[in-house]
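Work through the following exercises with the structure at hand. Each task is followed by a solution in steps.

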Amino acid sequence: KEKVEITKEQRALIKAILDAYNRHQIPQDVTKKLLQEQYSAEENFLLLTEVATSQVQVLVEFTKNIPGFLSLDREDQIALLKGSAVEAMFLRSAQVLSKKMPSGYTEVLEERIRKSGMSEEFITPMFNFYKSIGELHMTQEEQALLTTITILTPDRPYVKSHEAVERLQETMLDVLRKLCVLQHPQEPQYFARLLGRLTELRTLHHYHVEMLTSWKTNDHKFTPLLCEIWDVQ
Ligand SMILES: CC(C)NC(=O)n1c(-c2ccccc2)cc2c1CN(S(=O)(=O)c1cccs1)CC2
């Protein structure tokens with residue numbers, strides 16, 4: 001059985017990513033609003049717009065702190081952010097929902113998300129994903145690294161230096177693989193299960209594009225930042 005060892009550099013990398021991940025949390029007041037404001041599909045939609053917009057700002061700040069990201073080609077940095085924003089949003093949503101919340105909070109949150117003008121065909125896969133992430137009981141490091149790996153996906157549209165992104169992603173994959181072996185010794189398939197979630201994320205990404213079209217037809221407004229990052233309007 002090969003001895004899995006995390007090197008000094010890899011430990012520093014995990015610390016840098018975890019610090020950035022924890023530093024750029026969604027402001028509590030924004031998620032708290034999801035629990036307080038009154039119920040209506042319109043109100044829920046507006047709240048989600050606000051929460052999603054603030055998450056994109058958090059995502060940009062987090063991404064800038066990924067070691068090596070800022071040395072990538074500038075246009076590739078934008079292409080990676082635009083390409084991963086939706087997947088990072090679903091990952092973050094799943095992590096928010098799988099967190100221990102005061103009793104009743106999760107139900108209210110879920111209800112509000114269900115009643116925000118999304119069609120049923122998207123709600124089911126979305127909540128299945130939230131559940132499948134929750135069942136993994138990921139550690140903070142695993143969540144932060146999985147988000148980093150999603151952002152550093154080389155085959156996003158318009159990425160020019162594919163190899164540079166691939167090298168960076170491979171560095172993160174190697175660290176995550178070792179962490180999984182060390183933190184889940186009884187589950188040899190744990191790392192593979194984590195990567196399987198990334199495939200599920202891509203499916204949600206496709207659903208999201210259709211969701212946007214259906215919202216657009218019902219004349220729903222998004223913020224300029226969401227329009228920019230999702231290429232709508
Ligand atoms: C935490 C943030 C990242 N989550 C978030 O914004 N959520 C959450 C969510 C999940 C768990 C806890 C709190 C919130 C559910 C949904 C969204 C956003 N999208 S959206 O971006 O398509 C959207 C934007 C505007 C109208 S719809 C729809 C589905």
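**Exercise 1.** Find which helices the buried residues of helix 9 pack against.

Solution. In this predicted model, begin with the buried residues of helix 9, among them Tyr 190, Phe 191, Leu 194, Arg 197, His 205, His 208 and Trp 215. Next, look for their partners: the buried residues pack against helix 3 (41-64), helix 4 (74-98), helix 6 (120-134), helix 7 (140-151), helix 8 (162-183) and helix 10 (224-230).

**Exercise 2.** Check whether the end-to-end distance of helix 9 agrees with its number of residues.

Solution. Helix 9 covers residues 190-217, which is 28 residues. Just after helix 9, Asp 219 has a positive phi of about 55°.

**Exercise 3.** Describe how helix 2 and helix 5 are placed relative to each other.

Solution. The axes of helix 2 (residues 28-36) and helix 5 (residues 105-114) come within 9 Å and cross at roughly 80°. Helix 2 is therefore roughly perpendicular to helix 5. On the helix 2 side, the contact involves Leu 34, Leu 35 and Gln 36; on the helix 5 side, Tyr 105, Val 108, Leu 109 and Arg 112. Sorted by class, the contact has 5 nonpolar, 1 polar and 1 charged residues.

**Exercise 4.** Identify the residues that touch the most other members of the largest nonpolar core.

Solution. This core has 74 residues, and Phe 90, Met 126, Phe 129 and Leu 152 touch the most other members. Helix 4 supplies the largest share, 11 residues. Now take Leu 152: leaving aside residues up to four places away in sequence, Leu 152 touches Ile 66, Phe 69, Leu 72, Leu 80, Val 165, Leu 168, Gln 169 and Met 172.

Key: Residues are numbered from 1 along each chain as its sequence is written. This is a predicted model: local features need pLDDT of at least 70, side-chain atom pairs count only at pLDDT 80 or more; totals for chains, interfaces and linings use all residues. Side-chain values use heavy atoms; hydrogens and water are left out. Axes are lines fitted to C-alpha atoms, for helices over the stretch in contact, and angles run from 0 to 180 degrees between N-to-C directions. Helices (H or I, at least four residues) and strands (E, at least two) are DSSP runs, numbered from the N terminus. Angles under 35 degrees count as roughly parallel, over 145 as roughly antiparallel, 65 to 115 as roughly perpendicular and the rest as oblique. Contact means heavy atoms within 4.5 Å. Ala, Val, Leu, Ile, Met, Phe, Trp, Tyr, Cys and Pro count as nonpolar, Asp, Glu, Lys and Arg as charged, and the others, Gly among them, as polar. The expected span of a helix is 1.5 Å times one less than its number of residues. Buried means under 20% relative accessible area, exposed over 50%, partly exposed in between (1.4 Å probe, protein chains only). A nonpolar core is a set of buried Ala, Val, Leu, Ile, Met, Phe, Trp, Tyr and Cys residues joined through side-chain atoms within 4.5 Å.
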